[in-house]
Amino acid sequence: MNKRWDVIIIGAGPAGSISACKLSEAGLSVLIFDKKDFPREKVCGDGLLNDSIKCLKRCGVYDDVEKNANYIDETFFYSSFGTKVVIPGEYFTIKREIFDNILLKHATGKGVKFLPKKINGVEEGNDCFVCHSAEGESFSSNFGIIATGTDINLLKPSVSDKINCKPEAVGVRKYIQSDYITDKMFVSYERSIIPGYAWIFPLGSGLYNTGCCAFYGKKGVNNLKKVHDEFLKGFTEAGKIVAAKTGETKLKGAVLRCGLKTGHLLNNKSSRYICIGETIGTTYPFTGEGIGKAMESGEFAAEYILERIRSDLPLVPSEYYKLLYNRVFYKHFGYKTAQKWLSNKFLNDLLAKRATKSNFLYEAAKGIINETIDPRQIFSIKGVLKSFLK
């Protein structure tokens, strides 16, 4: 373990594991750390959308995930006043405890070395990246990647105190085991927390992930337990699940970093490490979808590091962040626009009603979920007017 590694990655979630796998496949020696051994629990909605599934296929781990996942072909979306819009698609649900372990095993199968150790410090030497474990050990590499999700403690010395370093949202979830069975996903834009939402995601065999997510600055964010309890009582499908409940877990919560708000603030002067995933806010505003975005950033980071090595050029994090930003900003901006529009309960319901009558709006809604449509095509005056014509 004292050897000089090509790349050290801190954080073995989806972003870190995908990046580790791609780098190891290219012939680099890769060491990945996580503060917990795997499998380990992770608070999440446990849903994989189209972007995640495409990434799994590109990275050769789709078959392993599919064997352990629950396949969903429709999601039922409900507006702030209960208007239902059914969006077909290819969705998976799978506990993050299982999913993350599959990705890490895939990476170690490619030669990546995993150590369950807490890293409490990083620094740059003259020509290396150095990290220090809680036990006082030091590990060095040519390059480093930080993929610690919402935990940016390792970066605090280089992070600005600006407000946009703070998380943008918070979510809670619990698991409910029930004798009532449904194979559909449900998302409800509850009036108390819009543009936040509540959800029911079936994991198979009567197990459900139920939860809600709210963005800071909204009135419901400080009492998500109450919002969640009211959702379980008032939402028809949730009531059926609860009525046939045979067991449940405690409600747990986690924060989210969204909208690419932190990347340009982190270690821009560094020449030895970059940050990926939710550490730099890759999670989408509005939907809170983060797994696919984290994995995509891990792929891109690996490509960038490999290109720099092949060209015998130094790592330039500011360049990496700019390239990533240019690659995905229009999507994040589109989802931020959607979030602003759907914060209004009347617009929220109007767009849902139009989607049930307008083929243009319905197809655009499907395109947003599958990432083939820019949300700004819908969430504009022009888009709303167009929905009355087509």
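How many disulfides does this predicted model have? The count is zero, where a disulfide would need a pair of cysteine sulfur atoms within 2.5 Å. Take cysteine 21: the nearest cysteine sulfur belongs to cysteine 59 and sits 6.5 Å away, so by that cut-off cysteine 21 is in no disulfide. Cysteine 21 is also buried, with a relative accessible area of 2%. Cysteine 131 is in no disulfide either, with the nearest cysteine sulfur, that of cysteine 128, 10 Å away. Is cysteine 131 buried or exposed? Its relative accessibility is 0%, so cysteine 131 counts as buried.

Now zoom out. The protein is built from eleven helices and 16 strands. Its radius of gyration is 21 Å, and the globule rule gives 21 Å for 390 residues, so the protein is as compact as a globular protein of that length. If you boxed up the C-alpha atoms along the principal axes, you'd need roughly 60 × 50 × 40 Å.

What about the inside? Of the 390 residues, 58% are buried. Among contacts with a separation of 6 or more, 71% are between residues 24 or more positions apart.

The protein exposes about 16,800 Å², and 51% of that comes from carbon and sulfur atoms. On the charge side, there are 56 positive and 42 negative side chains. The centres of those two sets lie 6 Å apart.

Conventions:
Residues numbered from 1 in each chain as written. Predicted model: local features only at pLDDT ≥ 70, side-chain atom pairs only at ≥ 80, totals over all residues. Heavy atoms only, no water. Helix = DSSP H or I, 4+ residues; strand = E, 2+ residues; numbered from the N terminus. Rg over C-alpha atoms; globule rule 2.2 N^0.38 Å. Buried < 20%, exposed > 50% of the residue type's maximum accessible area, 1.4 Å probe, protein only. Contact = heavy atoms within 4.5 Å. Areas by Shrake-Rupley, 256 points an atom, 1.4 Å probe, with all protein chains shown as cover. Lys, Arg positive; Asp, Glu negative; His and termini not counted. Charge placed at Lys NZ, Arg CZ, Asp CG, Glu CD.
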